[in-house]
Amino acid sequence: MNREIIRNTFSLMLITVIAGVLLGLVYEVTKEPIAREKMRAKEEAYKTVFADAASFTEMGAIPEDTKEKLGEQGYDADIDEIMEVKDSGGNHAGYVLTVTDHEGYGGDIQFAMGVKADGTLNGISFLSISETAGLGMKATEDKFKEQFAGKKVSKFSYTKKGASSEDEIDALSGATITTNAVTNGVNAGLYYISTLQ
Amino acid sequence: MNETVKRLKCGIVTENPTFVQMLGMCPTMAVTTSAINGIGMGLTTTVILILSNMMISALRKVIPDKVRIPAYIVIVASFVTIVQFLLEGFGPSLYDSLGIYIPLIVVNCIILGRAESYASKNNVWLSMFDGIGMGLGFTIGLTSIGIFRELFGNGSIFGKNIMPDSYQPVSILILAPGAFFVLACLIAVQNKVKLTKARKAGEAISICEREDGCASCTNTLCMGKSYTMESVMGIKEKPDKKMTVGEALKEKSKDKVKEAEDNDREREV
Amino acid sequence: MELFLIAVGAALVNNVVLSQFLGLCPFIGVSKKVDTAAGMGGAVIFVITIASAITNLIYTYILEKLDITYLQTIVFILVIAALVQFVEMFLKKMVPSLYRALGVYLPLITTNCAVLGVALLNVQKSYGFVSSVVNGFGTAVGFTVAIVIIAGIREKIEYNDIPESFKGTPIVLLTAGLMAMAFFGFSGLIK
């Protein structure tokens with residue numbers, strides 16, 4: 001009986017250890033491509049939201065109390081990263097940032113947004129979104145995203161009755177929660193930039 | 001017929017995990033909102049199924065019988081994690097859309113079910129083909145449900161709009177309730193086919209032992225307890241009198257409760 | 001307040017079974033009678049709450065400390081499996097009355113993908129210890145609510161005249177679909 005227990009324990013342990021070591025190896029091997037892929041996706045998104053940017057420079061860490069400050073404004077969002085954009089002449093042209101909004105229907109929505117130096121929103125591009133297919137996922141279609149582009153407003157709002165003014169966004173039908181999350185995320189980003197000046 | 005070809009045919013047609021065995025219903029319902037998700041989930045599961053089948057078959061003489069289920073779980077979980085890394089690095093969009101359902105492949109009953117009922121008893125070569133067959137069968141099932149739901153729920157297939165503009169998509173189909181409805185109709189059609197066949201042949205209908213997929217799903221994985229596919233499903237012998245599927249199902253679920261109690265009594269501490 | 005929102009969100013708005021399709025197997029397999037359904041629900045609440053607490057501790061104090069978070073799937077499933085066994089043995093020795101009530105259902109729970117699902121979601125949403133436990137508890141309560149309701153309905157439709165090919169699982173799934181629609185009503189509850 002005892003010998004059997006030892007044998008069972010030992011073989012199970014052996015399998016687990018081998019599996020663990022193997023996983024460690026695979027993790028090491030795939031770490032690089034995963035990081036590179038994430039980098040690539042982000043860079044691509046930055047290029048999309050700021051087509052005429054010549055270079056992006058790091059701006060240092062986001063202050064710790066940012067989430068709190070955004071919370072005071074009623075946004076449940078995080079600013080993950082911000083980079084300064086320079087044009088080909090090396091002048092300040094605006095910012096690109098990565099925002100995660102926590103109010104999505106299917107979890108967090110992460111997107112990149114580009115804002116010109118004069119405060120005009122250049123565009124948004126989704127990095128990670130898992131909303132309901134056919135409803136919330138329609139947010140990734142150009143028709144929705146383009147509503148944000150090229151507008152210089154301090155705060156967007158959404159409407160179900162057809163946008164009538166510059167700062168209004170047509171809500172996705174059947175996906176108000178997604179619309180709300182994206183709009184709030186964009187507003188959080190705009191608010192954060194306004195605190196920089 | 002050649003045994004390898006037979007394994008493939010068995011997985012894709014005669015014992016198709018989605019349409020015949022009704023296994024792995026959780027991912028089936030959750031990810032089939034679009035055809036591309038269906039095919040992605042199906043292929044991911046196929047890869048894991050092939051790898052775990054081969055590994056378990058190769059180790060079948062080494063793994064002690066009493067700890068075989070935990071050992072299988074470790075093996076399956078490792079492959080799932082490996083595939084997860086690979087997807088994250090090389091197929092990020094698929095990785096995003098399948099989300100939490102990738103790690104949950106670990107508890108997919110198809111994989112442990114095949115490990116227990118096939119791979120642990122057969123050689124590596126056949127187990128591999130069993131994995132390929134079952135995996136492809138699952139992929140076909142998921143993809144066709146995905147196509148159906150996407151076509152009528154969103155008016156597109158593989159992301160391309162093909163329905164005329166005047167078509168108003170039945171959005172409910174791609175939402176959660178739609179999954180239940182589609183699956184319900186699928187099983188009903190299957191019942192109908194079986195019923196008609198049985199009537200024609202004029203014989204008692206034989207119940208597929210793994211028909212009620214979800215219940216078998218609950219049990220195949222039950223941690224080294226002495227459940228086997230047969231004992232789990234409750235019906236060991238074919239019902240002797242003629243009965244409809246509905247009656248047989250009722251009969252079976254009665255047996256199942258009894259079986260669970262019996263097993264409970266038999267189990268050692 | 002925030003914890004309350006997490007609990008309500010997990011139980012009603014994002015109901016595990018009806019909107020996330022986790023734990024479907026016992027939902028269909030063990031929902032024949034209200035009594036058994038309630039028993040299963042109780043066992044699930046018990047196990048998921050403890051599992052959320054333990055997986056959270058393991059994740060924060062072992063996996064993160066050692067920088068091996070990539071092992072989470074394999075560690076969680078083993079921990080859950082061991083936990084269920086342990087809970088079973090513990091109850092049998094210490095609280096036999098509770099064991100008699102939940103015993104049959106305990107072994108079935110390991111395979112309930114809701115348990116692993118909750119553990120993984122807790123990590124994904126980077127919940128702290130308390131939020132994890134509350135989220136786990138809420139999720140399990142949601143499961144119990146769903147399975148008890150459907151068991152109640154099943155007891156009633158037993159006597160109805162259902163088309164032959166819809167008897168059994170199909171009618172249960174249809175009912176579940178209608179319940180899922182009803183649960184959509186909760187989605188406005190929390191922003």
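Let's start where two chains meet: twelve residues of chain A and eight residues of chain C take part in the contact, where contact means heavy atoms within 4.5 Å. Keep in mind that this is a predicted model, in which local features need pLDDT of at least 70, side-chain atom pairs count only at pLDDT 80 or more, and totals for chains, interfaces and linings use all residues. Residues are numbered from 1 along each chain as its sequence is written, chains are lettered from A in the order in which they are written, and side-chain values use heavy atoms, with hydrogens and water left out.

Together, chain A and chain C bury about 800 Å², 65% of it on carbon and sulfur atoms. Buried area here is the accessible area (1.4 Å probe) that two parts lose on being put together, summed over both. On the chain A side, A:Leu23, A:Tyr27 and A:Tyr105 lose the most area to chain C, and together they make up 49% of what that side buries.

What about charges pairing up? Between chain A and chain C there are zero salt bridges; that would take a side-chain nitrogen of Lys or Arg within 4 Å of a carboxyl oxygen of Asp or Glu.

Now for the cysteines. A search of the whole structure turns up zero disulfides over all chains, a disulfide being a pair of cysteine sulfur atoms within 2.5 Å. B:Cys10 counts as buried because its relative accessibility is 9%, and C:Cys113 is buried too, at 6%. The cut-offs are under 20% relative accessible area for buried, over 50% for exposed, and partly exposed in between (1.4 Å probe, protein chains only).
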